[in-house]
Amino acid sequence: MARILSTVCLCLCLLVIDARPPEAKGQGKDRVYDQDLSEEEHFKEGEEHNAEYDHDAFLGKEKKKFDELTPEESKERLGKIVDRIDKDNDGKITRKELEDWIKFTSKRYVFEDVDRQWEQLKKIERSHMTLEERYVDKKEIDPNGAIGWELYKNMTYGYIPEEDDYEYKDMLKRDKRRWEMADIDKDNKISKEEYTAMLHPEEYDHMKDVVVDETLEDIDKDGDGVVSIDEYLGDLYPESEKEKDKEEPEWVKTEREHFRDFRDKNKDGKMDRDEVKDWIIPPDYDHVEAEARHLIREADKDEDDMLTKEEILDKHDVFVGSQATDFGEALTRHDEF
C-alpha cells in the first residue's frame, strides 16, 4: 500500500514540476530547438517580406491584443512599450535595447512557466515546515530564496522506496546533472534564475551541453557515442508508426536526405556529438539580431542606427500593425455597442 501511495504522489509531483525540455514543433518527434521568433514565415513566396513576422517578434503573445486595436489605440500602447525599451531614458532606442526587448518577448512563455513552477515549489516548501516553525517561530518562506538539492529532490520526487529506486534513477541522474550545471556559484543551491536555466536549458549557452547529452542518451541506443541513420530515423519515426503506414511517408524520405546532405557533415555515415549539437541547436543564424537590424532599417529616418519614439510611431504598422482597420473589424466592433 505504501508503495502504491508513494508512486501516486510521485506522479502528481511530476505533473506539477516537469524539468524536461519541451518538444519542438514538427512531424514525428522533432528535437530541434527552434530559435525563430514566429511561426509565420519571415518571407512569403517571391521573397516578399511578411509583416506578421515582425509583429510576432516585437509583441510576442501581446500581438492578439494589438490586432483588435485601432491605429490610434495601437500607437498609444506602442508609445508605452517604447518607454519600457528605452532602459536609460535617453530618448534613443539602441540596437542592443531593441534586441533585449525582442529576447524578452520571445522568452516570456519561459518566464511565465518558471514563475508558475517556482510558486508551486515554494508552496511545497512551506508545507514541509513543522508546526513549530510555522506557528511558534513564525518562520516565513522567502519567495526568492534559493533551494537546496535535497529539498528539491524530496519536493519533486517525494519518498522513493529502495525497491522502486531503479525506476527513477535515470530521471534523478538527469535532474542532478542539470542542477549542477545550472548552479553557477556551486553552493549546491539554485536561485530562481538558476532554476530557469535548469528548467529551460536550451535558452542558456552554459546549459546547452546538457541538452546534447540528453538527446544522445535518448537516441544513441547502442551507446557508441554517435547517432546512426537508423537511430536518427528510429527516434523520428518509431516502430509503432511504421506498422500503421503501408509505405514510408515522404517526410521520412526527406529526413533520410537531410541526414545524408546536412546532418552528417563529415560524411562518415553517422552524427558525432558536435553534429548532434548543430542539429538540435542551430548555431549559424541569430534571429534576434537580424530582426533588430531589420526594424531599425525600416524606421531609422536619420540613419543614425538608433530609433526615437517618433520614428517608431511613424512606422507603427511595421512594429505592431493594426488588422482592425485592414479588415473593417473596428467598424464591426463599434456597431456592436
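**Figure 1. Overall content of the predicted model.** The protein has 20 helices and four strands. The coordinates come from a predicted model. Of its 337 residues, 40% are buried. Among contacts between residues at least 6 apart in sequence, 60% link residues at least 24 apart.

**Figure 2. The largest nonpolar core.** This core holds 22 residues, of which Phe58, Leu98, Leu307 and Phe319 touch the most other members. Two or more residues come from each of helix 2 (51–59), helix 4 (71–85), helix 5 (95–106), helix 16 and helix 18 (316–319). The most is given by helix 16, which supplies five residues. A second, separate core has 21 residues, including Ile124, Trp149, Tyr157 and Ala197. In soluble globular proteins, nonpolar side chains tend to be buried together.

**Figure 3. Surroundings of leucine 307.** Residues up to four places away in sequence are not counted in this view. The residues that leucine 307 touches include Gly91, Lys92, Ile93 and Leu98. Leucine 307 also touches Leu295, Ile296, Ala299 and Asp300, as well as Ile312 and Phe319. Leu98 and Phe319 are, with Leu307 and Phe58, the members of the largest nonpolar core that touch the most other members.

**Figure 4. Alanine 292 in helix 16.** Alanine 292 is part of helix 16. Its relative accessible area is 0%, so alanine 292 is buried. Leaving aside neighbours within four places in sequence, alanine 292 is in contact with Arg95, Leu98, Glu99 and Ile102. Tryptophan 101 is 191 residues from alanine 292 in sequence, yet their C-alpha atoms are 9.5 Å apart in space.

**Figure 5. Histidine 287 in helix 16.** Helix 16 spans residues 287–299 and contains histidine 287. Histidine 287 has a relative accessible area of 18% and is therefore buried, the limit being under 20%. Between histidine 287 and isoleucine 102 the separation in sequence is 185 residues, and the C-alpha to C-alpha distance is 9.7 Å. Isoleucine 102 is also one of the residues in contact with alanine 292.

**Figure 6. The crossing of helix 12 and helix 14.** Helix 12 covers residues 229–236 and helix 14 covers residues 250–263; their axes come within 11 Å and cross at roughly 140 degrees. At that angle helix 12 is oblique to helix 14. The crossing of the two helices is right-handed. On helix 12 the contact is made by Ile229, Tyr232, Leu233 and Leu236, and on helix 14 by Trp251, Val252, Glu255, Arg256, Phe259 and Arg263. Seven of the contact residues are nonpolar and three are charged, with no polar ones.

**Figure 7. Two asparagines with positive phi.** Asparagine 89 is not a glycine, but has a positive phi of about 55 degrees. The loop between helix 4 and helix 5 holds asparagine 89. With a relative accessible area of 63%, asparagine 89 is exposed. Asparagine 188, also not a glycine, has a positive phi of about 60 degrees. Asparagine 188 is in the loop that runs between helix 9 (165–182) and strand 2 (189–190). The relative accessibility of asparagine 188 is 39%, so this residue counts as partly exposed.

Terms used
Residues are numbered from 1 along each chain as its sequence is written. This is a predicted model: local features need pLDDT of at least 70, side-chain atom pairs count only at pLDDT 80 or more; totals for chains, interfaces and linings use all residues. Side-chain values use heavy atoms; hydrogens and water are left out. Axes are lines fitted to C-alpha atoms, for helices over the stretch in contact, and angles run from 0 to 180 degrees between N-to-C directions. Angles under 35 degrees count as roughly parallel, over 145 as roughly antiparallel, 65 to 115 as roughly perpendicular and the rest as oblique. A crossing is left-handed if the near helix is turned anticlockwise from the far one by less than a right angle, and right-handed if clockwise. Contact means heavy atoms within 4.5 Å. Ala, Val, Leu, Ile, Met, Phe, Trp, Tyr, Cys and Pro count as nonpolar, Asp, Glu, Lys and Arg as charged, and the others, Gly among them, as polar. Buried means under 20% relative accessible area, exposed over 50%, partly exposed in between (1.4 Å probe, protein chains only). A nonpolar core is a set of buried Ala, Val, Leu, Ile, Met, Phe, Trp, Tyr and Cys residues joined through side-chain atoms within 4.5 Å.
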